[in-house]
Amino acid sequence: MGLKGGDHGSKTTFQDEFPDSFLPCPRLEDARELTGVDRSETLVVLDGNVMVMAVPQAMTTFNEYVMILVAQIKPAITAAAHVVVVFDEPKAMTRAKSDEQRLRDARRKATTPICSDELVACITTDDFTLEMLQLEGCNVRLLMNHRAARSRFIDALCNDVLYHFQIAGGADSWSLTFDGVDGRGAGREFGERRVAGILSTHQEFWSALLTREVAIGEGDIKLTDVAQRVHDEALKPDSPVAGVVLNMLVTVDTDSLVIELLKQSKRVARTDEADRNELTILCLK
């Protein structure tokens, strides 16, 4: 759930102890260009949980959330030919994280106005449609405080964001994929079980690549899992991701500092020289 922050936190300590390992870059594209790697050889993996929770306070409507996510994803598509946005999967969470999330939820619910029975301050359950999200006065920021409603909202949000990029065209030179969402969006029947999966501009390829036998509940673990799966697939000369050698993992979660150090120790231990041609950059906002 993130290491300690502040003046004596993990991020500050890492930068103080290993200053040569950090470099400020205004854009993902700038970071890629410093490596000398082409866009076609680059994968960006974005932490979708961070993106959705970091929407400015003034944004409260569904369409505003769509546009904010579009604005966050565009620089990634400019930097890389392949972009994957990963989300937590609540049904596969560890007990420790589930307990922590319950504490967070209790704090968030306190911000939802209390109303009489005939009024509803915001959507709080899984039973709503896209039309309900788009109604004037629907405050999706308040909805996000209620975990029962959040997953369907994220599914609907990702469907609309994907549609935005699809109608913009040009997807023959890039791909955009969401990992951990139900492709039915808000169209899933009320009471029907949510199935977290893959939603992509290139559905057949990415669904086969990222579908797991054992679900990963936490997005920060997915960051490195996606990079590993793409690396293995990139070794095949006829694959859509053939030649990808640069992974850019974008998050604010300081757990990734340790997760990626552990993963890097495995990368450098690879015995096949051809298998070691991989560079991973952890991009902490």
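R27 counts as partly exposed, because its relative accessibility is 45% (partly exposed lies between buried, under 20% relative accessible area, and exposed, over 50%, with a 1.4 Å probe and protein chains only). This is a predicted model, in which local features need pLDDT of at least 70 and side-chain atom pairs count only at pLDDT 80 or more, while totals for chains, interfaces and linings use all residues. Residues are numbered from 1 along each chain as its sequence is written, and side-chain values use heavy atoms, with hydrogens and water left out.

**Salt bridges**

- The structure holds 18 salt bridges, each being a side-chain nitrogen of Lys or Arg within 4 Å of a carboxyl oxygen of Asp or Glu.
- R27 is the salt-bridge partner of E29, with 3.5 Å between the closest N and O atoms, and E29 is buried at a relative accessible area of 18%.
- D126 and R188 form a salt bridge through their side chains, at 3.0 Å from N to O; the pair links distant parts of the chain, 62 residues apart, with D126 in the loop between α5 (95-109) and α6 (130-134) and R188 in the loop between β3 and β4 (helices, H or I of at least four residues, and strands, E of at least two, are DSSP runs numbered from the N terminus).
- R188 is buried, its relative accessible area being 3%.
- D179 and K222 also meet in a salt bridge, again given as 3.0 Å from N to O; D179 lies in strand β3 and K222 in helix α10 (residues 219-234), so this pair ties together parts that are 43 residues apart in sequence.
- Both D179 and K222 are buried, and salt bridges with shared partners join E89, D179, R212, K222, D225 and R229 into one network.

**Nonpolar surface patch**

- M132, L135 and F190 form a nonpolar patch on the surface, with about 290 Å² of accessible area together (by the Shrake-Rupley method with a 1.4 Å probe, for which only the protein chains shown count as cover for residues).
- Members of such a patch have over 30% relative accessible area and no salt bridge, and nonpolar side chains (Val, Leu, Ile, Met, Phe, Trp, Tyr) are joined within 5 Å, whereas like charges are joined within 9 Å.
- F190 is found in the loop between β3 (175-181) and β4 (197-200), and F190 counts as partly exposed because its relative accessibility is 45%.
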